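Please look over the sequence and the model shown here before reading on. The briefing that follows goes through the chain by topic.

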Amino acid sequence: MLWTEGLGVTYPGAVLALKPTAIGFDRGQFTVLLGLSGAGKSTLLRTLNHLVRPSVGRVVSAEFGDLAMGRNLRQHRRKSAMVFQHHQLIERHSALENVMMGRLAYHSTWRSLFPLPRGDLELSMHCLERVGLADKALTRVDQLSGGQQQRVGIARALAQQPSLILADEPVASLDPATSERVLTLLRDICREDGIAAVVSLHQLEYARSFADRIIGLADAEIVFDAAPAALTEAEISRIYRGASAPANPDLRSAGMAERTTADRSTTPTLEIAQ
Ligand SMILES: Nc1ncnc2c1ncn2[C@@H]1O[C@H](COP(=O)(O)OP(=O)(O)OP(=O)(O)O)[C@@H](O)[C@H]1O
Ligand SMILES: [Mg+2]
């Protein structure tokens, strides 16, 4: 449903973040990206809807064509939803209002958020039900737990009726039990709806349990691409270049995956599609 041709990214300052890569993604497939910090996971993930623009090569949607064309990109973005580590919710708004943001891409021009058509409201409520949060619809999201907020983030993604979900470290801020619950929910919904998911994770064990396919990145290139069963110790050390593989979500606090706030602030920010 989506593939790349010679796709490569070099950031300003000659930082080679992704070497030319040809790769495809299928409908309904749950793909996990693994790799050390700086390996290029976010870069690859973000090129898939051009939040990061390719320096060379291209991304092609089977349905809409080459994303280099503005019209194709707008259509593709409407059908590809993002889920973030820090939810990117509007904290003062209710869960339902946040989920309805997922519908905005379907309206041709900027308009005030409310009232959106009744159908949008019903769909958004349905999405909240699917993530088990119908009873929190009118609760402000800053009054929800981290796990609940991430479920609102997933509901907002679903409200877009996506064919692709891109999730960059969606459970990095959650405790292990909540992480498993959120990943189970995401995987089950993607399976039920035939949504392709590309999810970056720092936890090897979650990749093994949830992925249909694991892509390992090291030093800006893909060094592994297969089903979890093929992920042997030798492959793991290829991905992690001899560093001890991360097994738990505390990796970041252990300092291994640390990046500065300055690094983050240079990462291109979300553009809300039209
Ligand atoms: N906007 C940017 N400008 C310059 N360099 C960048 C930018 N974003 C990322 N990089 C660099 O590109 C490389 C790949 O970064 P990327 O964010 O894709 O890694 P990652 O695998 O997602 O890492 P992490 O696990 O820490 O999120 C790194 O060397 C990083 O410092
Ligand atoms: Mg990243």
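A crossing of two helices is called left-handed if the near helix is turned anticlockwise from the far one by less than a right angle, and right-handed if clockwise. The model is predicted, so local features need pLDDT of at least 70, side-chain atom pairs count only at pLDDT 80 or more, and totals for chains, interfaces and linings use all residues. Residues are numbered from 1 along each chain as its sequence is written, while chains are lettered from A and ligands numbered from 1 in the order in which they are written.

**The chain as a whole**

- The protein chain holds 9 helices and 10 strands; helices (H or I, at least four residues) and strands (E, at least two) are DSSP runs, numbered from the N terminus.
- Of the 274 residues in the protein chain, 40% are buried. A residue is buried if 20 or more other C-beta atoms lie within 10 Å of its own, exposed if 12 or fewer, and partly exposed in between, with C-beta atoms placed from the backbone.
- Two residues are in contact if their C-beta atoms, placed from the backbone, lie within 7 Å. Among contacts between residues at least 6 apart in sequence, 69% join residues at least 24 apart.

**Helix α5**

- Helix α5 covers residues 146–159, and its end C-alpha atoms are 20 Å apart, which agrees with the 20 Å that its 14 residues should span at 1.5 Å a residue. The expected span is 1.5 Å times one less than the number of residues.
- Because 12 of its 14 residues are buried, α5 is largely enclosed by the rest of the structure. Among the buried residues are Val 152, Ile 154 and Leu 158, and also Arg 151 and Arg 156.
- The cover over the buried residues of α5 includes the strands β6 (80–84) and β7 (164–168) and the helices α3 (95–101), α4 (118–130) and α6 (176–193).

- Two packed helices are described by the angle between their axes and the distance between the axes. Axes are lines fitted to C-alpha atoms, for helices over the stretch in contact, and angles run from 0 to 180 degrees between N-to-C directions.
- Angles under 35 degrees count as roughly parallel, over 145 as roughly antiparallel, 65 to 115 as roughly perpendicular and the rest as oblique.
- The axes of α5 and α6 cross at roughly 15 degrees and come within 10 Å; the two helices are therefore roughly parallel to each other.
- The crossing of α5 and α6 is right-handed. On the α5 side the contact is made by Gly 146, Gly 147, Gln 150, Arg 151, Ile 154 and Leu 158, and on the α6 side by Thr 178, Arg 181, Val 182, Leu 185, Leu 186 and Ile 189.
- The residues of this contact of α5 with α6 divide into 6 nonpolar, 4 polar and 2 charged. Here Ala, Val, Leu, Ile, Met, Phe, Trp, Tyr, Cys and Pro count as nonpolar, Asp, Glu, Lys and Arg as charged, and the others, Gly among them, as polar.
- The axes of α4 and α5 are 9 Å apart, at an angle of about 135 degrees, and these two helices are therefore oblique to each other.
- α4 also passes α5 in a right-handed crossing. Ala 155, Leu 158 and Ala 159 in α5 meet Leu 123, Ser 124, Cys 127, Leu 128 and Arg 130 in α4.
- The contact of α4 with α5 has 6 nonpolar residues, 1 polar and 1 charged.

**Loops on either side of α5**

- Ala 134 is in the loop between α4 and α5 and is partly exposed, with 15 other C-beta atoms within 10 Å.
- Leaving aside neighbours within four places in sequence, Ala 134 is in contact with Met 125, Leu 128 and Glu 129.
- Gln 160 lies in the loop between α5 and β7 and counts as buried, with 25 C-beta neighbours inside 10 Å.
- Beyond its neighbours within four places in sequence, Gln 160 is in contact with Arg 78, Ala 81, Gly 102 and Ala 105.

**Two alanines with positive phi**

- Ala 14, in the loop between β1 (2–11) and β2 (15–25), has a phi near 60 degrees, a positive value in a residue other than glycine. Ala 14 counts as exposed, with 6 C-beta neighbours inside 10 Å.
- Ala 220, in the loop between β9 (213–218) and β10 (221–226), has a positive phi near 70 degrees. With 21 C-beta neighbours inside 10 Å, Ala 220 counts as buried.
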